[in-house]
Amino acid sequence: MTRVLALLRASHPGPSVAVTVLTALLAVGAGHGLASGALVTAAVATGQLSIGWSNDLLDAARDRQVGRADKPIAGDEVSELVVRRATAAALLACVVLSLACGLESGSVHLLLGVGSGWAYNLVLKRTAWSAVPYAVAFGSLPAVVTLALPDPELPGPWTIAAGALLGIGAHLLNALPDLADDAQTGIHGLPQRLGARRVRLIAPLVLLAGSAAAVLGSGDRGSAAPWAAFGATVVLAVVAMTGRGRAPFLAAIGIALVDVVSLVTST
């Protein structure tokens, strides 16, 4: 059981669960039934597992270098062989489940979603283009869901833009706690090049832009709800840019949560 838990921890459970839950919510918002919604959610979940496990495999040497005790592979809680096998199994399941959602949905998910995650792990996380895979993967996620409907359709362009901006903001926030360790081990992605101070300023603005795109993409622009949500993100953005201590980070997380809700309701 200890090894199983260590294996799950190596999958980056926080981001993996967050993206999986977002997919389930998008499926409900798009009008999926239980069976089709569960299928597309399972496809995304297995893809996220493959991305998370491959990330820890590729980072194992540098995690050992900086003494990351929270990383199961670096801490010898689970072997690299076990994680490699789990990665291969997750990737195979992802291909099968994605194609079961339909050729259009499956192709978008495998090429733009999972492909972007692997491209980030293998190459792009060390470059100034590190935000691109996040933008592509999150921007394409609503299409993965709507193309898996019995009558496939593409989401509106503003919905795709909102997803892409949410992805960029998530990348900046996710990298923020590890900037010092990354600098020691030669990771020079966009957040590392910007530095902590600029990331704390830019991330809320990107997420705020995502909120605006979600409002524009909403089919309910005439009601007060989307505008109230946008107003809340404006207030949170001000707190994120002017607050002290943990307040800016928590405010940015709050914007991301509002963006998720707005993205779901605009699908």
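Reply: His12 is partly exposed, as its relative accessible area is 21%; in this scheme buried means under 20% relative accessible area, exposed over 50%, and partly exposed anything in between, using a 1.4 Å probe and protein chains only. The model is a predicted one, in which local features need pLDDT of at least 70 and side-chain atom pairs count only at pLDDT 80 or more, whereas totals for chains, interfaces and linings use all residues. Residues are numbered from 1 along each chain as its sequence is written, and side-chain values use heavy atoms, with hydrogens and water left out.

His12 sits in the loop between helix H1 (2–9) and helix H2, where helices (H or I, at least four residues) and strands (E, at least two) are DSSP runs numbered from the N terminus. The phi angle of His12 is near 60°, a positive value in a residue other than glycine.

Helix H2 (residues 13–30) and helix H6 (residues 131–146) have axes that come within 9 Å and cross at roughly 45°. Here the axes are lines fitted to C-alpha atoms, for helices over the stretch in contact, and angles run from 0 to 180 degrees between N-to-C directions. H2 and H6 are therefore oblique to each other; angles under 35 degrees count as roughly parallel, over 145 as roughly antiparallel, 65 to 115 as roughly perpendicular, and the rest as oblique. Their crossing is right-handed, a term used if the near helix is turned clockwise from the far one by less than a right angle, with left-handed meaning anticlockwise.

On the H2 side the residues that meet H6 are Val19, Leu22, Thr23, Leu26, Ala27 and Ala30, and their partners in H6 are Phe138, Leu141, Pro142, Val145 and Thr146. Contact means heavy atoms within 4.5 Å. By class, the contact of H2 with H6 holds 9 nonpolar residues, 2 polar and no charged; Ala, Val, Leu, Ile, Met, Phe, Trp, Tyr, Cys and Pro count as nonpolar, Asp, Glu, Lys and Arg as charged, and the others, Gly among them, as polar.

In soluble globular proteins, nonpolar side chains tend to be buried together.

Leu22 shows how such elements are joined. Apart from its neighbours within four places in sequence, Leu22 is in contact with Phe138, Leu141, Leu166, Val260, Leu263 and Val264.

The crossing of H7 and H12 is left-handed. The contact of H7 with H12 divides into 9 nonpolar, 3 polar and 1 charged residues.

Thr159 of H7 is buried, with a relative accessible area of 2%. Neighbours within four places aside, Thr159 is in contact with Pro142, Gly217, Leu263, Ser266 and Thr267. The C-alpha atoms of Thr159 and Gly210, 51 residues apart along the chain, are separated by 9.0 Å.

Gly210 belongs to the contact of H10 with H12. H10 and H12 pack at an angle of about 20°, with their axes 9 Å apart, which makes H10 roughly parallel to H12. The residues of H10 are Pro204, Leu207, Leu208, Gly210, Ser211, Ala214 and Gly217, and those of H12 are Ala252, Ile255, Ala256, Asp259, Ser262, Leu263 and Ser266. This contact of H10 with H12 comprises 8 nonpolar, 5 polar and 1 charged residues.
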